[in-house]
Amino acid sequence: MSIDSRQVAAGLLEAVPFARTLGIEIVEVAPEAEGGVRAVVRLPDDPAHHNHVGGPHAGAMFTLGETASGAVVLAAFGQVLDRAVPLAVTATIRYLKLAMGPVQATARLGRPPADVLAELDAGTRPEFPVEVEIATEDGTVTSALTVTWTLRPNR
């Protein structure tokens, strides 16, 4: 699988203005083994996005993680956007440690893309998880998300 990370970043930031509002940066979008996809996105430290203890607000961290998951979805399934719309179905987040400063989210596709596409080709509406870890610059994991996505066929 070949991924044009600049195209994914531009498409995502164009489609999701709120990610631009927070200053989210797409660091990397890359293929992994067995057709998987990994995306890394960064939220710069900005006092306008802080919470009451001086770190990134929980909402900003959730948006960072959801944006990383969306980058994975676009990279893995961009070729079918003419016949299906990607939609987040559910999301859960676990706040594990206090985050301070810039944070980075790493997202990975939780199912082989070929399996998801086979379900779409069979006329069903596939669901698939994207797992996300958010960490500080020193690598300390501060949050974990699971975003379940679907590809809703255009009818």
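**Close-up views of a predicted model**

The structure holds 1 cavity of 30 Å³ or more. This is a predicted model, in which local features need pLDDT of at least 70 and side-chain atom pairs count only at pLDDT 80 or more, while totals for chains, interfaces and linings use all residues. Residues are numbered from 1 along each chain as its sequence is written, and side-chain values use heavy atoms, with hydrogens and water left out.

View 1. The volume of the largest cavity is about 40 Å³. A cavity is a set of points, on a 1 Å grid over the protein atoms alone, where a 1.4 Å probe fits but cannot get out; lining residues have an atom within 4 Å of a point. Grid points are joined across faces, edges and corners, and a volume is the space filled by probe spheres set on the points. The lining consists of Leu-43, Pro-44, Asp-45, Asp-46, His-49, His-50, Gly-55, Pro-56, Gly-101, Pro-102 and Val-103. By class, these are 5 nonpolar, 4 polar and 2 charged residues. Here Ala, Val, Leu, Ile, Met, Phe, Trp, Tyr, Cys and Pro count as nonpolar, Asp, Glu, Lys and Arg as charged, and the others, Gly among them, as polar.

**View 2. The second largest pocket.** This pocket has a volume of about 170 Å³. Unlike a cavity, a pocket is an open set of points, with protein on both sides within 12 Å along at least five of seven lines. Its lining is made by Leu-12, Ala-15, Val-16, Glu-66, Thr-67, Gly-70, Val-73, Leu-74, Leu-81, Pro-86 and Trp-149. Of these residues, 8 are nonpolar, 2 polar and 1 charged. At least two lining residues come from each of α1 (5–15) and α3 (58–77). Helices (H or I, at least four residues) and strands (E, at least two) are DSSP runs, numbered from the N terminus. The largest share of the lining, 5 residues, is supplied by α3.

**View 3. Leu-81, a residue of the pocket lining.** Leu-81 is among the residues that line the second largest pocket, and its place is in the loop between α3 and β3. With a relative accessible area of 37%, Leu-81 is partly exposed. On this scale buried means under 20% relative accessible area, exposed over 50%, and partly exposed in between (1.4 Å probe, protein chains only). From Leu-81 to Thr-124 the C-alpha to C-alpha separation is 15 Å in space, and the two are 43 residues apart in sequence.

View 4. The structure holds 7 salt bridges, a salt bridge being a side-chain nitrogen of Lys or Arg within 4 Å of a carboxyl oxygen of Asp or Glu. Side chains of opposite charge can pair when their charged atoms come close. Glu-28, Glu-32, Arg-38 and Arg-108 are linked in a network of such bridges. Between Arg-38 and Glu-28, the closest N and O atoms are 3.0 Å apart. Arg-38 lies in strand β2 (residues 37–43) and Glu-28 in strand β1 (residues 25–31), so this pair ties together parts that are 10 residues apart in sequence. Arg-38 counts as buried at 18% relative accessibility, whereas Glu-28 counts as partly exposed at 31%.

View 5. Glu-32 meets Arg-38 in a salt bridge of 3.1 Å, N to O. A salt bridge of 3.0 Å, N to O, also joins the side chains of Glu-32 and Arg-108. This second pair links distant parts of the chain, 76 residues apart: Glu-32 is in the loop between β1 and β2, and Arg-108 is in strand β4. Glu-32 is partly exposed, with a relative accessible area of 27%, and Arg-108 counts as partly exposed at 37% relative accessibility.

**View 6. Glu-34 in the loop between β1 and β2**. Glu-34 is not a glycine, yet it has a positive phi of about 55 degrees. Its relative accessible area is 75%, so Glu-34 is exposed.

**View 7. Glu-119 and Leu-151.** Glu-119 lies in helix α4 (residues 113–121) and is partly exposed, with a relative accessible area of 29%. Glu-119 and Leu-151 are 9.7 Å apart in space, C-alpha to C-alpha, and 32 residues apart in sequence.
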